[in-house]
Amino acid sequence: GLLVLAACGGSAQTPLGERPQTPLTDPPPCCGGETNPNDEPYPDVFFDNSGVNPFVDTRDDALSTFALDVDTGSYTVARRYLTDGNLPDKDSVRVEEFVNYFPSGVPAPEAGAFAIHADAAVTPFVQNERYQVARIVIRSQDMAEEARPDAALTFVIDVSGSMEMENRLELVKESLRLLITQLRVTDTVAIVVYGTDARVVLQPTPLSEVETVQSAIDSLQPEGATNAEAGLVLGYQVARAAFRPGGVNRVILASDGVANVGNTGPEPILSQIRAEAAGGIQLATVGFGMGNYNDVLMEQLADDGDGFYAYVDAIDEAQRLFMDELTTTLVTVALDAKVQVSWDPGVVERWRLIGFENRAVADDQFRDDSVEAGAIGPGHEITALYELSLTGAAAEGSALGSLGTVALRWTDPAAGEAVEMSRELAGLVTPAFANADRHFRLAATAAAFAEVLRESYWAQQVTLAQVAEAAAGLLRDFPEDVQVAELAGLTARAAALAPAD
């Protein structure tokens, strides 16, 4: 079985354009590309050589603990690969980011900071008939835009020569133009750019002076090499000067992730990023471009900066990120959010967490509030996936007391205090995939898509053609949903690109 807990990258490259809004089965005319698939290496950051979490015997270890993650970059990077006519690099695929790109269908809590939802069903994407899929969804409370605190945003923008490729910098500029239309006159924006060196293009400026901000955006041009460290150091300096107690203080890095001048790896800057996050300035990273795109660096920087990582492959993704989900993007309602699932050995025989490999937390550190974990915004949904083998009556679809319990622990950023909540996991398993909740089926299909693309050992019996068939079936349940139509198109394209057996 598979259990899904919902929250919220990868890489490739060719000319930028609007992404398809309807299912596509034929390669686009541009495919084959003026650029090559991504050539940045993906280091081994997972538990073992297979790159995926193993199955665990519940009698040996009944606890599953991990940090929440709202990143979505892996899905949009894979979309970029497929739009360009290539299968994504298997090491760029992170299952949780595929799942968390899509809505969970779970309503916001009526009271309290979070709602926890769980359901389970038989799916076609498991080892055999003895296994099921279960879903756990963490949903944070919504926040009206008018309730958002004023924001002090410092953009650190890569203007190096590599950003001229595919008009990457132009897409960054278009993204910023979209964003400032959604900000208030009392919000401030600062812009730091870096090429060979870093400099301030716009000191913190209120949006009441929107023409000044627009002029600064329009002035950006590609120049020099790529000194990402210098850009971030100067960006944090500017952000500290603009700091608003009680407000939204965020550095937003827009880059293709490449660093070739100064310290080119993340280690030298990570300690400062962590210190600044502890002081109330969080880091978000937004990736642009392919070919030499460093997905791993962008994700790691955001994780250490208590922020999120997203990848923008076209202007409509920028609109989703900076217009449709602005409050979710900017505000943080929970810091160091962790989940611990405790399975009942009498009901669950074996379990496997699907995804979250680089978000693992030691079981005994669940209540150690000094351990860094995920930052969550209002209206965020975190979905995690488990594959389960149940015992006895549970395997036959009978209703049981519970599969176990799920606990959520986080730090309230306003009070600075740890908060914990938990709930039982209902033991009823829906015996047919077709009868499961439609959002459950969407999550399971997105997860299966990622599992096959990353060549998971546990998905060897699943084909991209089967995933595409399931995704096409979702169109009946989501008849006007652009995201689901796109998933159906991408899975069909991936199946067409897959090598013949």
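1. Ile354 lies in strand β13 (residues 348-354); helices (H or I, at least four residues) and strands (E, at least two) are DSSP runs, numbered from the N terminus. At 4% relative accessibility Ile354 is buried, where buried means under 20% relative accessible area, exposed over 50% and partly exposed in between (1.4 Å probe, protein chains only). Its C-alpha atom is 7.1 Å from that of Glu387, a residue 33 positions away in sequence.

2. On the basis of the model: this is a predicted model, in which local features need pLDDT of at least 70 and side-chain atom pairs count only at pLDDT 80 or more, while totals for chains, interfaces and linings use all residues. Residues are numbered from 1 along each chain as its sequence is written, and side-chain values use heavy atoms, with hydrogens and water left out.

3. Glu455 is placed in the loop between α11 (438-453) and α12 (464-474) and is exposed, with a relative accessible area of 55%.

4. The angle between α11 and α12 is about 155°, and their axes are 10 Å apart; axes are lines fitted to C-alpha atoms, for helices over the stretch in contact, and angles run from 0 to 180 degrees between N-to-C directions. The two helices are therefore roughly antiparallel, given that angles under 35 degrees count as roughly parallel, over 145 as roughly antiparallel, 65 to 115 as roughly perpendicular and the rest as oblique. The crossing of α11 and α12 is left-handed, a term used if the near helix is turned anticlockwise from the far one by less than a right angle, with right-handed used if clockwise.

5. The contacts of this pair (heavy atoms within 4.5 Å) involve, on the α11 side, Arg438, Arg441, Leu442, Thr445, Ala448, Phe449, Val452 and Leu453. On the α12 side they involve Leu464, Val467, Ala470, Ala471 and Leu474.

6. α12 also packs against helix α13 (residues 482-497), at an angle of about 160° and with axes 8 Å apart. α12 and α13 are therefore roughly antiparallel as well, and their crossing is left-handed. From α12, Leu464, Ala465, Val467, Ala468, Ala471, Ala472 and Leu474 take part; from α13, Val484, Leu487, Ala488, Thr491, Ala492, Ala494 and Ala495.

7. A search of the whole structure finds 13 aromatic pairs. One of them is formed by Tyr457 and Trp458, with 4.8 Å centre to centre and 90° between the planes, an edge-to-face arrangement. Rings of Phe, Tyr and Trp (its six-membered ring) pair if their centres lie within 6.5 Å; planes under 30 degrees apart count as stacked, over 60 as edge-to-face and the rest as tilted. Tyr457 is partly exposed at 48% relative accessible area, whereas Trp458 is buried at 17%. Elsewhere, Tyr75, Phe98, Tyr101, Phe102 and Phe449 form one aromatic cluster; Phe449 is also among the α11 residues that meet α12.

8. Helix α3 (residues 168-180) has 13 residues, which should span 18 Å at 1.5 Å a residue; its end C-alpha atoms are 19 Å apart, in agreement. The expected span of a helix is 1.5 Å times one less than its number of residues. α3 is mostly covered, with ten of its 13 residues buried, including Leu169, Leu171, Val172, Lys173 and Ile180. The buried residues of α3 pack against β6 (151-158), α4 (210-218), β9 (248-255), α8 (315-324) and α9 (326-330).

9. Within β6 lies Ala151, which is buried with a relative accessible area of 0%. The C-alpha atoms of Ala151 and Leu183 are separated by 8.4 Å, and the two residues are 32 apart along the chain. Apart from neighbours within four places in sequence, Ala151 contacts Asp187, Thr188, Arg244 and Val248.

10. Helix α5 (residues 228-241) has 14 residues and reaches 20 Å from its first C-alpha to its last, close to the 20 Å expected. Its buried residues are Ala228, Gly231, Leu232, Leu234, Gly235, Tyr236, Val238 and Ala239.
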